[in-house]
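Dear colleague,

Please find the structure below, together with its sequence. My notes on what was found in it follow, and I would be grateful if you read them with the structure open.

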Amino acid sequence: MVSYPRSIRQSLYTLVLVPLLAVVAAVLLLQHFTAAVAPSHITIGMLAYALSATFIRLLIAYALALVCALPLSFWVTHSTSAERVLLPLFDVIQSVPVLAFFPVIIVFFAHYGLYSGAAIFILFVSMLWSIVFSLVGGLHSIPQDIKSVGALFGLRGFAYIDEILLPSIFPYLITGSLLAFAGGWNIVTVAEVLHTYLPGATASSDIVGIGSILVHAAASGDEQTFGIALVVLIATIALINLFVWQRLLKYAERYKFE
Amino acid sequence: MKFMIYSKYIKLSSTNSNSGAIRLGGVHKQYAGVPQETLKGIDLAVAPEEFVCLIGPSGCGKSTLLRIIAGLEAPTTGAVEKPQELSMVFQSGALLPWLTVEENAMFGLTAAGKSKKEAAKETRPYIEMVGLAELAGKYPHELSGGQRQRVGIARALAVRPKVLLLDEPFSALDPKTTHELHEDLLTIWREQKLTVLMVSHLIEEAVSLADRVVLMKDGAIKETFNVPLPYPRRENGIAFHELVQKVRAAFFA
């Protein structure tokens, strides 16, 4: 039987409410993940703590990226005239290196004391476009007859999105999300080391996370901590790939058109 | 067959008929950026419970005409009168790959707001009618081409249409499956008292199934052929062969 949420209410709950609640919960939780950990004091518990902090940041950034990417991709593909204008614009924006924004973003968030917010925002930007372009590709690949089935049986608006578009682009959503997370893990080492971008700041301005541990360990020549943190990071990514992405990719096969 | 006369001043109208009749008056279709009109003033009337087949070369506008009747596209100008209870079978089957046979078949009912339980109950006879009761829990990728097309037919019938539109439904199937589905379609047509309008590119198929064969060329109706042969039609019979030759001559003229 179908496990895909089929009603509008279920879809809104899954795609909007859950990520938003996750954001609120995680922001409250992240208040505890502020000061970075000095490499010399690293324990396995601290590594797990840092990894959790990084992962929660990635999840929040992903949830925000997903919430923005879905309407953006529907908007772009809604009409050929919208696509003609917006797609090249998105292409230019996504071509600008995300780290080029970072100094400005950090200053803004640091002004309000939201250091984790700066990291999350930069992760969000790095994840957004992978999902948007993947979804746009997915929306283009829906066969005309499938769209016609929805129209023939009177589906309009949210019902049409819910019953036809969302399931149709599910495989592309998984691929885009996988790429987004890969990009997120890449950026995370930089995103957690804030002091290099803040005028007059020290390492105490950095935020706790596996990325900041790696950078601090490398900078202080603590090879043992660096090695352990790197192994933990690689193992985490490999396990997520094996138990989450590979399974989702396999499950998404059912949603593909022949 | 009485053709409706439509005013030239009616730019576009779409009305509902209570019977299974379809009436088209002066239907034009011009796509943006395409210099030639796809449809050039189509006048066509299909009587309730009649089986009409539209044939013609690729790009002559027959599928566009069907999509306009289905309400999937709007004519540029012209009038379309059709019943609200209308359904369609697509060339590709157009099954939703994430739904089972049963869920696909009841899609029209659930889309109309019926509960899954109610829709399943109403759909069951149609799944049985097309011989797929044992495959109700299977997904489209687990079915053969013929079985998928049967699901498409069950889905179209489950909404209890007065008019069934078919857009080259058998073009991708092998001859044996096509023959079986032809027989099934004729049975369903008679039992359900449907008005059927089918697009085909095969002259033999059209003469074998339809009461009337309508030949389209370059966006216009060129000729109409009545098929006065009794069912089941003997495709190796002389009358059948002569009619096929007559349609073929007009097709290639």
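In chain A, helix α9(A) passes helix α10(A) in a left-handed crossing. Please bear in mind throughout that this is a predicted model.

To locate this pair, look for α9 at residues 210-219 of chain A and α10 at residues 223-252 of chain A. The two helices pack at an angle of about 150°, and their axes are 8 Å apart. Since angles over 145 degrees count as roughly antiparallel, α9(A) is therefore described as roughly antiparallel to α10(A).

Which residues bring the two helices together? On the side of α9(A), they are A:I210, A:I213, A:L214, A:A217 and A:A218. These meet A:T225, A:F226, A:A229, A:L230, A:V232 and A:L233 in α10(A). Sorted by class, this contact between α9(A) and α10(A) comprises 10 nonpolar residues and 1 polar residue, with no charged residues.

The second topic is chain B and its domains. Domain 1 of chain B covers 15-85 + 163-252, while domain 2 of chain B covers 96-160. Their C-alpha centres lie 25 Å apart. To the contact between them, domain 1 of chain B gives 10 residues and domain 2 of chain B gives 8 residues.

Which helix supplies the largest share of the side of domain 1 of chain B that touches domain 2 of chain B? That helix is α6 (residues 175-192) of chain B, with 5 residues. By class, this side of domain 1 of chain B holds 6 nonpolar, 2 polar and 2 charged residues.

With kind regards

Definitions and conventions:
Residues numbered from 1 in each chain as written. Chains lettered and ligands numbered in written order. Predicted model: local features only at pLDDT ≥ 70, side-chain atom pairs only at ≥ 80, totals over all residues. Axes fitted to C-alpha atoms, helices over the stretch in contact; angles between N-to-C directions. Helix = DSSP H or I, 4+ residues; strand = E, 2+ residues; numbered from the N terminus. Parallel < 35°, antiparallel > 145°, perpendicular 65-115°, else oblique. Left-handed = near helix turned anticlockwise from the far one by under 90°. Contact = placed C-beta atoms within 7 Å. Nonpolar A, V, L, I, M, F, W, Y, C, P; charged D, E, K, R; others polar. Domains from an automatic or database assignment.
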